[in-house]
Number of protein chains: 2
Amino acid sequence: MKFTLAQILSFIAVAENLHFGKAAEELNMTQPPLSRQIQKLEKSIGVQLFERNNRNVTLTPAGESFLAEAYGLLASVERAPRRAQKIAEGAWGQITIGCTAVSSFGVLGDLLSRMADRLPGVSVEIAEMVTAEEVKALSEGLIDIGLGRPDRVPSIVETTQIHSERLVVAVPAHHEFAGRTSVASSEIANQTLIMHSPTKARYFYDLTVRYIDVGANEIAHSLSQILTIVNLVAAGRGIAIVSESASSLRVDGVSYIPLSDVPDDVVELHAIWNPESRNPALRQVIDLIRNENLSA
Amino acid sequence: MKFTLAQILSFIAVAENLHFGKAAEELNMTQPPLSRQIQKLEKSIGVQLFERNNRNVTLTPAGESFLAEAYGLLASVERAPRRAQKIAEGAWGQITIGCTAVSSFGVLGDLLSRMADRLPGVSVEIAEMVTAEEVKALSEGLIDIGLGRPDRVPSIVETTQIHSERLVVAVPAHHEFAGRTSVASSEIANQTLIMHSPTKARYFYDLTVRYIDVGANEIAHSLSQILTIVNLVAAGRGIAIVSESASSLRVDGVSYIPLSDVPDDVVELHAIWNPESRNPALRQVIDLIRNENLSA
DNA sequence: TTTCCTTACGCCTATCGTAAGCATA
DNA sequence: TATGCTTACGATAGGCGTAAGGAAA
């Protein structure tokens, strides 16, 4: 036989007033049912909670203990719905963001600080992965949102552009381009090019071959990690076409020169997510991304 | 409008079964009233807890949160009468200790027997949980003291070290290391490593990567349960870096070899508690822990 | 005699179970 | 067509309020 929450409320009221009449008034009821509630409660837990003769009411030691527990219980009862509500409205919750290493340079930090500002109840986990993995992770529910390239994204996910930037040429310190304020794509010939991998970093590979006549250059390496590429540039192994945000890597001896005849916004970073996600916090984050124009 | 405990029980049953019919059977009732209970609960807290069409039932994120709270609520409901009964029987205080599975091997038994000796009037309850849950449970009053790792503990709780121990390598019977009296961390290369989960068992994960070059090994699994890890070692799926107390598991075919070049006290176990607790027995237990040097 | 907790009795709300409804695979 | 959640309806149990009881100051 178990007690009820009404009995707990009754018990607390009596324990606080040490007077059935006053407690009943506080509970908006008459004394008799209150007496019965307490009796039932005592019977159900098998312990006398109040010492009462017709003139005064006191808590037994067991009652003292039960009162402490009852307060905790009441706190839980009030907290549980509040938390559920907060989560349902997306104000609280958890978001797991999958991102490529390169997207973490600029945009991710910006996104995170805006989230901390506008959605303080949403805790964030970051998982590093490439775009192709992100799509899989989205469908498996491992991540809620992915930051990646808009390339080869299946139609079941939704995307929105979050940022765009330029392609730049990364060149070592004493290269002929070093010190220039811009380079035309046609000038990039007879160079040793460190290329993005056509398989693992297909988006950058495609961008590069779209704007640069790679056939006119020697291809030195084919890599997927931007950090490795820039380090190879620093080591004088060649030049590379990279996104401008790579310049935030600040590798010594590498300078980044804009391409004069390539549009400023060819490198796009998109947020991708599963529109069927039931995570309410996701909606909030998407709204944040859309309304706050993160690309600014 | 508030919910009832019966509704909480109904909710838990449905959440565990994800099937109204089975849950109703478990509750010894028919489906229709159960459906109504859930509907009422959802209405009273103003949040949808289940996503349900006629073919399947799933928890919403809000429902997930509410489930966790519901378990806590239920634990309180069951504990409150027990505590009152203990007091009525003559105990003068109670302590609920939250502990990770692994801490129960050595230290907990020691602590309990010392408490039985020095604080015979204090009744003790044990709740199994991981360190992150302990902090939450402390703030919610579900436990009075937690035994856990000193990692990522917020400053609102107080802690004291209770024990420290070595890291050892768990290896299967016929492994090349078996029979050795020690292994250097540098020797652990080209092995198949069974790792602790970087999220659920972050403390051990961090310890492992601090002392072992994990990059030189193949990672087989990422787990949080020490027992599972040791059993996988026994099954020959790899070797694992575990705390020495895991050796008390006595899993057949697994031997534990100390790491020669890792300090003896890297694995720390701390007691953590809420300094604002009003439980008088807690002070006594903290004093006991501090004075009796349990780490000896 | 007054105070105030408890017991007694009638009403009413709420929940249960059975039965029918209805959408999906 | 079968499964399984939901709505409808009648019966019942449990709680509330009013009224009466009883012990202490």
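Predicted model: local features only at pLDDT ≥ 70, side-chain atom pairs only at ≥ 80, totals over all residues.

Trainee: Which residues of helix 9 of chain B does helix 5 of chain B meet?

Mentor: Start with the geometry: helix 5 (residues 107–118) and helix 9 (residues 280–291) of chain B pack at about 115°, their axes 11 Å apart. By class, their contact has five nonpolar, no polar and two charged residues. From helix 5 of chain B come B:L111, B:R114, B:M115 and B:R118, and the residues they meet in helix 9 of chain B are B:V285, B:L288 and B:I289.

Trainee: And what is the handedness of the crossing of helix 5 and helix 9 of chain B?

Mentor: For that pair in chain B, helix 5 with helix 9, the crossing is right-handed.

Trainee: Why do the buried residues of helix 3 of chain B line one face of the helix?

Mentor: The buried residues of helix 3 of chain B are B:L34, B:I38, B:L41, B:E42, B:S44 and B:I45. Viewed down the axis of helix 3 of chain B, they line one face because they fall within an arc of 165°.

Trainee: Is B:A62 buried or exposed?

Mentor: B:A62 sits in helix 4 of chain B. Its contacts beyond four places in sequence are A:A84, A:I87, A:A88, B:V47, B:Q48 and B:L49. Buried means under 20% relative accessible area. B:A62 has 2% relative accessibility, so it counts as buried.

Key:
Residues numbered from 1 in each chain as written. Chains lettered and ligands numbered in written order. Heavy atoms only, no water. Axes fitted to C-alpha atoms, helices over the stretch in contact; angles between N-to-C directions. Helix = DSSP H or I, 4+ residues; strand = E, 2+ residues; numbered from the N terminus. Left-handed = near helix turned anticlockwise from the far one by under 90°. Contact = heavy atoms within 4.5 Å. Nonpolar A, V, L, I, M, F, W, Y, C, P; charged D, E, K, R; others polar. Buried < 20%, exposed > 50% of the residue type's maximum accessible area, 1.4 Å probe, protein only. Arc of directions from axis to C-beta.
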